[in-house]
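I opened the structure to look up a few things and wrote them down in order.

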Amino acid sequence: MSDHASDPKPTVDRRTFLKRVGAAGAGAAIAARLPFPGPAAAQDATVRPDPAAKRGGTLRYAVHNAPAHFDVHQSGTVANIGPQSPMYDTLLRRSPKDGQTIIPDLAQRWEISPDNKKYTFHLRKGVKFHDGADFTADDVKATYDRIKNPPKGVVIPRTPLFATVSDIVVVNPHTIEFRMSEPRPKAYMLGAFASGWNIIVRKKTLDDNQGNLRQVMNYPGTGPFRHVSRKDKEIWIMERNPDYWNKGLPLVDKLEIYHFLPFTPELGAAMLSGRVDYARLLDPVTWRKAKEMPGVTAANFNQSVIQAFWTNTQKNKALADPKVRRAIHLAMDRHTLVEVVKDTAPMQVGGFVYPFHEMSTPRAELEKKLGYQRDIKPAVQEARRLMKEAGYAGGLKNLDFVVRDIPTFKLWAVAIQAMLKEHLNIESNLRVVQTSVWFDEAQAGSFDLAISAIVSTLMDPSDIFSAWYGKDGPQNYSRWTNPVFHDLASQIEREVDDAKRRTMVRKAEDILENDPPLIPVAYEQIYDAWYNKVKGQNPSTFFGIYDVVRWDNVWLG
Amino acid sequence: MAVRAAEPPVTAVPDAGPRGSVLGELVRFSRRNMLAAIGGLVGVLTIVVALAAPLLAPYDPLKADFRHMNKPPNAQHVLGTDQVGRDTLSRVIYGARTSLFVAFSAVILGTTVGSLWGVACGYLRGRFDLVSQRIMEILQAFPDLILAMAISMAIGTGLQAVIFAIAITRIPFGGRVIRSVALSIREMPYVEAGRASGGSALRIMVFHVLPQCIAPYLVLATTHLGVAIVIEAALGFLGVGVPPPTPTWGNMLADSITALVPPWWLAFFPGLAITLTVLAFNLLGDGIRDTLDPRLSPAFLRMMAGGRRR
Amino acid sequence: MRKYLARRAVYAVVTLLGVSLSIFVILRVLPGDPLVAILGVEGHARMTKEDRVRIMADLGLSAPLPVQYARWLRDIGAGQLGKSFFRGDTVAELIAHRGPITAEIAVLALIVSWIVGLPVGILSAFKPNSMPDGVARTLSVLFIAIPGFWLGMLIVLALLFWFGWKSPIIIVHVWQDPWQNLQIVMGPGIVLGLAQGAYIARMSRSCLLEVISEDFVRTARAKGLREGLVVMRHALPNALLPVITISGVLLGFVLGGSVAVETAFGVPGLGRSLVTAVIERDIIVVQNLVLLYAVIFVVVNVLVDLSYAWLDPRIRYS
């Protein structure tokens, strides 16, 4: 069902390009590969409207739209980026054509120094914010200063991505330099700059609000749409920005963003009855129905989230033993777990890294390994052997299994509980709690097992090796450490040669398989569907739902 | 409207004569109130099912069976299975256990506390009565479900918390009704006599007033059982009741809505169980009330509506 | 009468104060952390102790309890109903936007209950123990037992399955588009109305039965007055009085029941906002909405009391 999605990139291997191009300017190289006029011309490589496009109309789009606050930088949920993104631009962006290629946005072109320690961005001229103010490098500096170094009381998940940026220097109102204390792979840094989360806001906005935009619903951006009105948990209405710097865009006049929770019957019904034109995060049943409807296109693509459960290595002696954790890891029948939620949310089997990332073990190879096979008997045998070796042949009793209150986790918890009991004689007690309580318990370590899902910003292993598996990492709820792994991870972070990096990542994967920091359950797929009159957005090759969410090049046919 | 002072209220305690007469009472009761008898029978049946759950349920309600996920009713699983292969019939049976346990506990706790409080109010009167009345009015100012939700939000969502939350919503009813009864009994000659002969207030309340309250208490308790079951189910349905994986009828209904069109057997049977049980206890309650003091009926209803008068 | 009025008013005020105090006390004890919803999962994970203290102070959660209570009352008095922790929406806006929907549901339920319940009850009373009476009583008992949210669930599923129809997704008020609005409130209103109607049918039946056997009705009959006249002028008013009383109580059922039924139908009313607020632990919203519900209930019951007292000569002329 997701085969084409496991090959995320078409023919371009942009990393190779970036490497070869070096100081000449990655932007120029990319531009040369895309079907646009050459870089030397005034025309640049950013998004351009489809010549066949019609203008006008209202796009009705359904997405989770009731965020806890309005500060996009501080957020980690689609409830913010989904509705708010159309009002803002980023320095670089992922092309809406394939969701992967990095193209210019507010930065018209850029240069990377040969030692990879200096990124220079040349900003567009004549760009205005929605309130009429001019866009300058000061706004970029203020935005990124905050992301890099949030003020007290502000917490931004993308901060670690810029940990090695030592200085942000405004050379002139339209040129800005990011100086690094240590080099990082170009793909990694460019990915960070192109992340949909890193929207550019006005310096004045940040100054006026003490660097905290949680309660500010409508702060000015430079984006293709601007705010009209909003009704909490119902609808957010936006209109075309007539002064948008990208002339000719956006193509529709109005956006009506309807609030629906993911995977719910309400969303499905709204899509099937034509109350919305584009629906995101559909449940599989609706999606299958939509696929069969004439006049509707359905797509599925990968999400940047892992569904997993954590084992408390600090509080539970048995779980501290890597053999026990590997045994639990092997006792999971992952294909059945995906089956169990098949009517609720779309999932795919995967290991410790995104199964569709080019550096990870390819799926075909993964499914030959113990723990990922369809026939679980060999894995269970090995698991039992490990438990015996560790001294727990009789199993474990009374594990406190904390479950986040969402239908998928509740179903999985029951299934996992059954698998643990049947295969390893591990008895656990389920405790379902609200999301906020789950994170309290996880942080405080008051659990033996705990199931939830976590996000990463990039697909790149270095992001997850520090965010998910880093020593004392904020999402490392198991409190897991493995010095060999952490060492390897820092090397991987610095390695710029792709082939070497890939080998190191595989080695890291092996370490994780044998000493699991968490027990992977599945990786999410996103199901979108839209009526064929909506053109210009086909997320089949996208990664995650956070980067290509601006709707500027979408039109209604 | 209140019980006329001249005549002592009918007591509920059947003749403590030869054994046959209790059975005889029951038979006579049944003949006069067919519906109530049926209700009582179904109610007893449900209680038996709940108590004998481990014996009656064909499968472990918590056991997932991955080979039979989402199966409609068939020979192997009479009421079908849910998304992880748990047997619906077994879960409904165990659901009876939880729902009835919660409902009975809550009603007994709440009605007893309320009734004792009511006796004290009615007999002692004065400032205690005045303050208590206001407190009960405050409790009754909240719609049942909302009060239960707020309380369980505060004290958590375990089994005890839900029982406690529902019990609190039942207190004012007991308080009001039993208070009225106590008020009228207070004026009775034999109670006056007891006071005159120097009995302490406590003694009089326990030995003279309390016994007369048993009948109304029973009526109250049975009438509120149905309400308690529905509140518990509603709490479960909204996701603020007894937490999973303990099967309760309300939980099961909420869990069934996980797909665009949920499997009908998951949405139907738990609700049917609730309806039949509540129906049974309501009919039983009606019959008991009609029998114990028919004069109390419409007046009783009015009193339930918030006896603001004496 | 005047003394009664005064006394009742004082009691009402005391009750309301007590209500507000109870709500406040109940809701200040809670596990769970609203800060997760505010900061997002990742943000909360990376928060330090100092951050936490600062944010709690910002939101007013760190002042001592009596101060918080006093501030709350002062705010309400000033018409400031507070803001949600999340998204900064004010509770006043929430009530203004969603309140009418829930109010309409309540009114619709009331109308349905009277239209369905009264005729059934009256008919039953005039032909007691006949077949139609049996049917009516069975149906009443049935509708009291069926949980409203279950019935709602089944109706939604049936409509979705057979007609592919789901109610409109955003709030449309009755003054904007009556037909859309009706589609939104119809389901919950009818379901709640049927349950209420069952109570009213039973109530009016038993009250009427009581009255019909009363002397004055017999006398009227003996005088040869037509049956209909007897009903209209003598029996009905006596049946109506308790029905009015019980409608006040039933309002409580509707307010409480609408919470679950709105959720079952997916209607964006105030009840659903309350459920969401409880689950998200949005204290201010829960506090103020529960207070609102209680206030409405108290006010309605006081009005019912007053009308009852006005109609009862014993009190009116005391």
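Entry 1. I looked up A:G153, and its relative accessibility is 2%, so this residue counts as buried (buried means under 20% relative accessible area, exposed over 50%, partly exposed in between, with a 1.4 Å probe and protein chains only). I found A:G153 in the loop between α4 (137-148) and β6 (165-172) of chain A. Helices here are DSSP runs of H or I with at least four residues, strands are runs of E with at least two, and both are numbered from the N terminus. I also checked A:G153 against A:N212: they are 59 residues apart in sequence, and their C-alpha atoms are 8.2 Å apart in space.

Entry 2. I noted how to read the model: it is predicted, local features need pLDDT of at least 70, side-chain atom pairs count only at pLDDT 80 or more, and totals for chains, interfaces and linings use all residues. Residues are numbered from 1 along each chain as its sequence is written, chains are lettered from A and ligands numbered from 1 in the order in which they are written, and side-chain values use heavy atoms, with hydrogens and water left out.

Entry 3. I turned to chain A as a whole. I counted 18 helices and 19 strands in it. Its C-alpha trace spans about 70 × 55 × 45 Å along the principal axes. Of its 557 residues, 65% count as buried. I then took contacts (heavy atoms within 4.5 Å) between residues at least 6 apart in the sequence of chain A, and 72% of these join residues at least 24 apart.

Entry 4. I went on to chain C. What elements does chain C have? I found 13 helices and zero strands there. Buried residues make up 52% of its 318 residues. For contacts in chain C between residues at least 6 apart in sequence, the share joining residues at least 24 apart is 74%.

Entry 5. I looked at where chain C meets chain B. In this interface, 58 residues of chain C are in contact with 45 residues of chain B. The area buried between the two chains is about 4,600 Å², and carbon and sulfur atoms give 76% of it (buried area is the accessible area, with a 1.4 Å probe, that two parts lose on being put together, summed over both). I noted C:F149, C:W150 and C:M153, which supply 13% of the area that chain C buries against chain B, more than any other three residues.
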